[in-house]
Amino acid sequence: MVVARSATIDRSVPAQARRGQHPGIALFVIATTQLMVVLDVTIVNIALPHIATALKFSTTNLSWVINAYALTFGGLLLLGGRIGDILGRRRTLIFGVLLFCFASLLGGLSTASWMLLAARALQGVGAAIASPTALALIATNFAEGPARNRAFGVFSAVAGAGGAIGLLAGGMLTSWLSWRWVLFVNVPIGIALALLAPLYINDSERHPGHFDLPGALTGTGGMVALVYGFIRASDSGWTDVWTLGSFALSVILLAVFVLIESRSPQPITPLRMFRNRNRSGSYGMMLCLAAALFGIFFFITLFVQDILGFSPLRAGVAFLPISLAIIIAAQLSARFQIRIGPKPFMVTGSLLVTGAVAWLTRINVHSSYVDGVLGPTILFGLGMGSIFVPILLTAVSGVAPEETGSASGLLNTMQQVGGSLGLSILVTVFGTASRNAGRQQTAQFLAQATPEQAATFKRTGQLPAAYANQVLAHGIASAFEMGLVFAVVAALLAIFVIRPRSASPPGPTPDPAPDPAPDPAPDPPPLVG
């Protein structure tokens, strides 16, 4: 926080960047920070086979390269938002970005599986600190109205397209350099952001308070246990002791979390935020839509590489259309937000997403890229792009300034936890359907196989490619049927929960950000924590 040097200075005015107002550069830093942490959810996906070979991961343990990041990212987002509120968002952003860079460097240098998993978890901590702070800084740096809506549009576009961009970048880096560069690439980008932030981003006012560590620990632990329970169930079944124990632990921890938050004078998640139907509806929509989004990235990646035979680089390029669709739709929705309001975009977008996932349920072993992947993913991208801006505006509109970080952190938590939880549910459905289809395909194969083919199958346990692809395609289509349920729920929330005229909650709305006043002297260097 910048200390006031004169009694005439208004302490409600956030600290200003030392080189004046450069909204374009400020937005670049904020949006690039969000892009960096979002694309790291998916950038390692295509590199996983290379990582498994280099660090000797088993197939089961390999999934934790994704989960270690997503779980710590989603689980600690609420705490990250609160840290920004209390310590100042600009300095918190810088600390989160530098921690993320340090963890990325450690991950790229890893020589053992445990080192990479620890680095990925630490990356998630840095992302959880930086991401909600980046979103909250839009309110600090852009006045409410068209300027802020345009900034939200850019932020939403990179946030929505980050997953697909990560897949493309992962394919390029893995093909041209090595898997280690999917982690190393963050280091120079993060250092540049940390250097630009104190020069061009206006800081927020620091609000006294405490961090509510009991709430953070119980909330994070409950979500991690819940996601782990579903992941465990996909491998070991619903009656497994560890599966049941994880679900029981999750229920206990989340119940304690709610109890703590209801009694805490400064909760990490003010439960009163859920009293407004628009904000609660937007949180629920984000939870469901993120589940569908993570599922599409994961299963379409399997389909194009294992069934269509795409290379890692070509698989990454295959996701470019969905990125472009998200960017175009996000810009259009941001431009027309004030004119027609958020509800038309939320309803139309959720219906487009529902149609796209319904289309994907028809995918099969004979589907081509054009009719099986390209069409539904473009439709999905247009729907998601239409929804991101109104959801963001609804989630933070009317929130008291000292709680903006918590509100944005909760929205990001819904996205990450919804994606992790939803994907684990879809993987469970995929595993069950694949096992059933595998038994059928095995029976058909053995009925037609020669003695030599049957002997080979008994020795290796692997079906020929034609039969294995049938199993994989059936499992993917079944997973998308579960994804359709999430999409339908999101559409119902948009239609029946979101109010048609305003995304703002009842009561007074914070005043637009005041025009920045020059500081009487240069700001001191920002301090971390």
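Start by selecting Trp-181 and Phe-184: they sit three residues apart in helix α9 (residues 181–184), so about one helical turn separates them. Helices here are DSSP runs of H or I with at least four residues, strands are E runs of at least two, and both are numbered from the N terminus. Before you go on, bear in mind that this is a predicted model, where local features need pLDDT of at least 70, side-chain atom pairs count only at pLDDT 80 or more, and totals for chains, interfaces and linings use all residues. Residues are numbered from 1 along each chain as its sequence is written, and side-chain values use heavy atoms, with hydrogens and water left out.

Trp-181 is partly exposed, with a relative accessible area of 39%, while Phe-184 counts as buried at 16%. The cut-offs are under 20% for buried, over 50% for exposed and in between for partly exposed (1.4 Å probe, protein chains only).

Next, show all the aromatic rings. The structure holds eight aromatic pairs. Trp-181 and Phe-184 form one that is edge-to-face, 5.4 Å centre to centre with 75° between the planes. To pair, rings of Phe, Tyr and Trp (its six-membered ring) need centres within 6.5 Å; planes under 30 degrees apart are stacked, over 60 edge-to-face, and the rest tilted. For a cluster, pick Tyr-69, Phe-73 and Phe-100.

Now jump to Phe-297 and Phe-319. Both are buried. They also make an edge-to-face pair, at 5.7 Å centre to centre and 65° between the planes. This pair links distant parts of the chain, 22 residues apart: Phe-297 is in helix α13, and Phe-319 is in the loop between α14 (312–317) and α15 (320–335).

From there, select Thr-301, also in helix α13 (residues 277–307). Thr-301 is buried, at 7% relative accessible area. Look at its side chain: a polar atom there lies 2.5 Å from the backbone oxygen of Phe-297. Leaving out residues up to four places away in sequence, Thr-301 touches Ile-46, Leu-167, Ile-296 and Phe-319, where touching means heavy atoms within 4.5 Å.

Last stop, the surface: select Leu-351, Val-488, Leu-492, Ile-495 and Phe-496, a nonpolar patch with about 440 Å² of accessible area together. Helix α21 (residues 465–496) supplies the largest share, four residues. Val-488 has its place in that helix and counts as partly exposed at 34% relative accessibility. Nonpolar side chains (Val, Leu, Ile, Met, Phe, Trp, Tyr) are joined within 5 Å, like charges within 9 Å. The areas come from the Shrake-Rupley method with a 1.4 Å probe; for residues, only the protein chains shown count as cover.

Note on methods. Polar contact = N/O pair within 3.5 Å; in protein donor to acceptor, adjacent residues only side chain to side chain. Patch = residues over 30% accessible without salt bridge, like charges linked within 9 Å, V, L, I, M, F, W, Y side chains within 5 Å. Salt bridge = Lys/Arg side-chain N within 4 Å of Asp/Glu carboxyl O.
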